[in-house]
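Take a look at the model below. This report covers how two chains meet and what lies inside one of them.

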Amino acid sequence: MERRVVITACSAITPIGHGRDRILESLLKGISGVKPLKEDELLSRFIHSKVYGTVDYPIDYDFKRQFRKTMAPCAYYACQVAKEVLEQSGLPQDFITSGKLGVAFGSIHGSPLTQRDIYRTFFGALADKDDKAYKTIGAVDYLKSMVHTTAVNITKMFGITGRVISSGTACTTSSQSIGYGYESVKFGMQEAMLCGGADEYDTITVAVFDNLLACSTAFNDEPHRTPRPFDKLRDGLVVAEGGGAVMLEEYEFAKKRGANIIAEVIGFACNNNGGDLILPNLQGITNTLKLGLENAKINPEDVDLISAHATATKMGDIIEAQAIANVFGNNPYVVGLKGYMGHTMAACGSIETILSLYMMQEGFIAPTLNLEEVDERCAMIKHVQKIIQQPVKTIAVQNFAFGGVNTILLLRKIS
Amino acid sequence: MTRQEIEGEILSIFRREFEVENPGMDDNLREAYGFDSIDAIELLLGIEKLLGFDLTQEEKKQAMDIRTINQICDYIERIAQARAAAAGKK
């Protein structure tokens, strides 16, 4: 049994704003959310990349202590966007707790801030030869830092009793959340799925990419000018924080209850390169894109817009441009949304899906921020360098991760 | 430590750590304030600080049936007396 799956609500906390209006304003005005890296008295002084996509505005959380006690910052983002999506969807309380709604949500490795506290205690105890210091590790530290902490803090807060899927596949975490949520509804396992991802401010992630020489360092004095997807001067990615959530529902169920249908998820594909865990792989990505089109039962020319993964690394952008050219030619517009905020890690698939939905709703395509001079090795596809006012019907959202994991989501406007 | 001092310390822990203001001394903490097993473990850490010594695993297990503030205070008195008695025998 294959059922149609639609998106009925979405919300994001991003470096360029929280909620639809602020995010749209940033997209339309070309405002960057990349800021100077904060001093953390641990790693920041060793890191060469001094920029970070930062959520630097206050968020009015209203979580009771019984929920807060197991929540790290990534779970705050997750629960806030989940709350907004539940409210926006209008799903009744008895449905939310019925078991017919599941959650697919993740972060790249739980809460690194909590893990940092644990290690600080542990190594401090070793250094001080203090046998009792380990006792100060909190009873809830595991619950705050486990890889599915975002998903189960959501289920706890809202009493959700359906299935839980918690991918922890780095940069494809939340595109997998949406993809596996889509499959759960499509094949009748759940009537609805709350899907997304979140990651908190964390310099460990920056240090990892910095050591791999994958981080941007040339724009430390002008953070807003990086990352630069597909640009000749791009010099690497910018790590960022944030959270995004979408509500997926079975089409007939959503229609019957009069839900506001934003778009339909018409396809999803995920594969692996079957080899190197870091290097981008043209064949692997090309296969992903073809599998996605096959799954959606559409042709390449049906796609109007591609939200590229485009992290602004030297090789990643070239390989992605080649794969797009292989499969789509130069027909669809291609935008690299990370130009606005950097790489929100586990959240990027959901945030880029949500931004794509906003553009679909508003009938415009935002340019790739900081794409001033297209690298000739990426020039074979149709880049967006200024705002294009045009209806968008079908969108492909592409994401790729360490470990050789590739995903594509296909979204279509409901006419 | 007098019973009154123990009560004052425990109420202070509840206010500071668990955001529970002026609980009834015989309120069921789980039912009234959502006090759960995670909170109980955190409370035991607070009790160890209050008593100035580590609780044994056996002593901690005795705390798992506690439901009210009064029972917490009884528990602390009982542990303190048992330890004092054990120390007196040595």
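Buried area is the accessible area, found with a 1.4 Å probe, that two parts lose on being put together, summed over both. The size of an interface is often given in this way. The model here is a predicted one.

**Where the chains meet**

Between chain A and chain B, about 940 Å² is buried. Carbon and sulfur atoms give 46% of that area. The table lists the counts for this contact.

| Item | Value |
|---|---|
| Residues from chain A | 10 residues |
| Residues from chain B | 13 residues |
| Salt bridges between chain A and chain B | 4 salt bridges |
| Polar contacts across the interface (both at pLDDT 80 or more) | 5 residue pairs |

What kinds of residue does the side of chain A that touches chain B hold? It divides into 3 nonpolar, 2 polar and 5 charged residues. Arg68(A) forms a salt bridge with Glu19(B). Their closest N and O atoms are 2.1 Å apart.

**Inside the protein**

The largest nonpolar core has 46 residues. Which of them touch the most other members? They are Ile7(A), Leu27(A), Val246(A), Leu248(A), Leu305(A), Leu355(A) and Met359(A). Helix α14 of chain A, residues 348-362, gives the most to this core: 7 residues.

Now follow Leu305(A). Leaving aside neighbours within four places in sequence, Leu305(A) is in contact with several residues, including Pro332(A), Tyr333(A), Val334(A) and Val335(A). Met359(A), Ile365(A) and Val392(A) are also among its contacts.

There is a second, separate core of 32 residues. Its members include Ala78(A), Val103(A), Ile160(A) and Leu194(A).

Terms used:
Residues are numbered from 1 along each chain as its sequence is written. Chains are lettered from A and ligands numbered from 1 in the order in which they are written. This is a predicted model: local features need pLDDT of at least 70, side-chain atom pairs count only at pLDDT 80 or more; totals for chains, interfaces and linings use all residues. Side-chain values use heavy atoms; hydrogens and water are left out. A nonpolar core is a set of buried Ala, Val, Leu, Ile, Met, Phe, Trp, Tyr and Cys residues joined through side-chain atoms within 4.5 Å. Buried means under 20% relative accessible area, exposed over 50%, partly exposed in between (1.4 Å probe, protein chains only). Helices (H or I, at least four residues) and strands (E, at least two) are DSSP runs, numbered from the N terminus. Contact means heavy atoms within 4.5 Å. A salt bridge is a side-chain nitrogen of Lys or Arg within 4 Å of a carboxyl oxygen of Asp or Glu. A polar contact is a pair of N or O atoms within 3.5 Å; within protein, one must be able to donate a hydrogen and the other to accept it, and residues adjacent in sequence count only if both atoms are side-chain atoms. Ala, Val, Leu, Ile, Met, Phe, Trp, Tyr, Cys and Pro count as nonpolar, Asp, Glu, Lys and Arg as charged, and the others, Gly among them, as polar.
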